[in-house]
Amino acid sequence: MKKVLFVHDGPIYTNADQSIFYGVHYNDILVERYSYFGNKVSFMMRSAAVSIQQAKNYSVIQHPAFSFIEVPNFKSIGAYFKKSEAVNIIKKAVDEHDVIILRLPSAIGAIAFDYATSINKPVLIEKVACVYDALWNYDWRGKLIANQKMKKYQSILQKASHTIYVTDHFLQSRYPTKGKSIGCSDVIVNDLDVSILNNRELKIKNAPQILTLGTVAAIDVPYKGQADVIKAIAILKRENILFHYKIVGQGDAGRLTKIIDNYSVADLVEVVGPLQQEKVFEFLDGIDLYIQPSRTEGMPRAIIEAMSRACPVLGSDVGGIPELISENAFFEAGNVTEIVAMLKSLKQENLAQWAKENFLKSKNFKKETLDIKREKFYKTFLQDFYLE
């Protein structure tokens, strides 16, 4: 009976007594994926309690293989005294599990890697984002440590024996490995019936006078870039060119709400908050154009999900985004002027072209296709560590 340890920073959401666990991307599908390696799957990360009302926006984790190991937050200056406690928890968990899966970047994952490799535990890395870009675009404190942290993760990837990158090129170039690796997105695309494209083409043909833009991303971190779109909408509003903008994502909405109020666009911009996965697809079907204004990305699952609903997509020129969308559909990250220009120049024929191109390309991310690719690598990993 093998035990699997999945490590990330989280947080995973819980009720007050931690008897129920919730997530958006932490879910039963992920537990089932890692059950390939064993019949017990422990998630080790931070947790955050949510109210009964808030919990309705998340999926309940009910998989029988799931269990949870909590690590205290030790990343802030005020909580740094908890690091020794966290290290002890991490080491104990690594000792008690047979296969270690690390989703990086992650402060907890970096500690787990150093310890697991020192005792020759099998470690599989999922590289999902660039720590340098995330820190550099966070605030001035992030800029102070961005280069140091990038070197740390570059060192980890150099030493890693098996790595799954979510991009095909970007993360591989920033964080190369000497070990075995594949590029394989962690997105889940199931329904790709041609009726989705047909419905989208009809929606574009009968588009309303005021188009609705949408973004799905964490709302409590500045590097996701929603503020840039809000500013662009405010500039266009002054020219009497109107767009609605709906923002979906988890986190504290206070920062974005303040920006919306400061730019006087509360009549055009709505922070929807988190949605359960099935509701995200309904949301995507309801918007006219998806926009991903991030200052940093790996391979953004939200764009792929939007493509699978035949959404026209605009995106910034960072991370894996240029690997996904048309060259004439991305803009310089953080450049509000470019966003304004692209929105002003939108034409029906562009939207129709992007919708078709995106839908066809999303077929590369079908769950069945990626599962086969991923499980082939899983099999190699197990064979290399004599675990089969």
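Arg374 sits in helix α15, which spans residues 367-384. The model is predicted. Is Arg374 buried or exposed? Its relative accessibility is 4%, so Arg374 counts as buried, the cut-off being under 20%. Which residues does Arg374 touch, not counting residues up to four places away in sequence? They are Arg33, Ile164, Ile182, Cys184, Ser185 and Asp186.

One of the contacts of Arg374 is Ile164. Ile164 belongs to strand β10, residues 162-165. In a regular strand, side chains alternate between the two faces of the sheet. In β10, His162 and Ile164 point one way. Thr163 and Tyr165 point the other way. All of them are buried.

β10 pairs with strand β9 (residues 123-127) in the parallel sense, over three bridges. Here Ile164 of β10 is the bridge partner of Glu126. β10 also pairs with strand β11 (residues 180-183), again in the parallel sense, over four bridges. In that pairing, Thr163 has Ser181 of β11 as its bridge partner.

Strand β12 covers residues 211-216. How many of its six residues are buried? Six of the six are, so the strand is mostly covered. Both faces of β12 are covered. Leu211, Leu213 and Thr215 lie on one side. Thr212, Gly214 and Val216 lie on the other.

β12 pairs with β13 in the parallel sense over six bridges. Thr215 has Ile247 in β13 as its bridge partner.

Lys224 lies in the loop between β12 and α9. At 15% relative accessibility, Lys224 counts as buried. Leaving aside neighbours within four places in sequence, Lys224 is in contact with Ala217, Ala218, Pro293, Ser294, Thr296 and Glu297.

**Helix α10**

Helix α10 runs over residues 254-262. Leu256, Ile259 and Ile260 are buried in it. Why do the buried residues of α10 line one face of the helix? Seen down the axis, they fall within an arc of 100 degrees, so they line one face. An α-helix has 3.6 residues a turn, so residues three or four places apart point the same way.

The buried residues of α10 pack against α9 (226-238), β13 (243-248) and β14 (269-273). The face turned away from the buried side carries Lys258 and Asn262, which are exposed. After α10 comes Ser264, with a positive phi near 55 degrees.

**The sheet of β5, β2, β3 and β6**

Four strands make an open sheet, in the order β5-β2-β3-β6, with mixed pairing. Which strands stand at the edges? They are β5 (47-49) and β6 (59-60). Each has a single partner strand, so one side of each is left without a neighbour in the sheet. Strand β3 (residues 21-23) and β6 run antiparallel and are joined by two bridges. Tyr22 stands opposite Val60 in β6.

**A nonpolar patch**

Trp140, Leu144 and Ile145 make a nonpolar surface patch of about 370 Å². Ile145 lies in helix α6, residues 140-159. With a relative accessible area of 32%, Ile145 is partly exposed.

**Backbone exceptions**

Most residues other than glycine have a negative phi, and most peptide bonds are trans. Some sites here depart from that.

| Site | Backbone value | Location |
|---|---|---|
| Gly10 to Pro11 | cis, omega near 10 degrees | Pro11: loop between β1 (3-7) and β2 (12-14) |
| Leu104 to Pro105 | cis, omega about 10 degrees | Pro105: loop between β8 (99-104) and α4 (107-118) |
| Tyr386 | positive phi, about 55 degrees | segment after α15 |

Are Ala310 and Tyr386 buried or exposed? Ala310 has 0% relative accessibility and counts as buried. Tyr386 has 76% and counts as exposed. Tyr386 is in the segment after α15, the helix that holds Arg374.

Key. Residues are numbered from 1 along each chain as its sequence is written. This is a predicted model: local features need pLDDT of at least 70, side-chain atom pairs count only at pLDDT 80 or more; totals for chains, interfaces and linings use all residues. Side-chain values use heavy atoms; hydrogens and water are left out. Two strands pair if DSSP finds at least two bridges between them. Buried means under 20% relative accessible area, exposed over 50%, partly exposed in between (1.4 Å probe, protein chains only). Contact means heavy atoms within 4.5 Å. Patches are made of residues with over 30% relative accessible area and no salt bridge: like charges are joined within 9 Å, nonpolar side chains (Val, Leu, Ile, Met, Phe, Trp, Tyr) within 5 Å. Accessible areas come from the Shrake-Rupley method with a 1.4 Å probe; for residues, only the protein chains shown count as cover. A salt bridge is a side-chain nitrogen of Lys or Arg within 4 Å of a carboxyl oxygen of Asp or Glu. The arc is that of the directions from the helix axis to the C-beta atoms.
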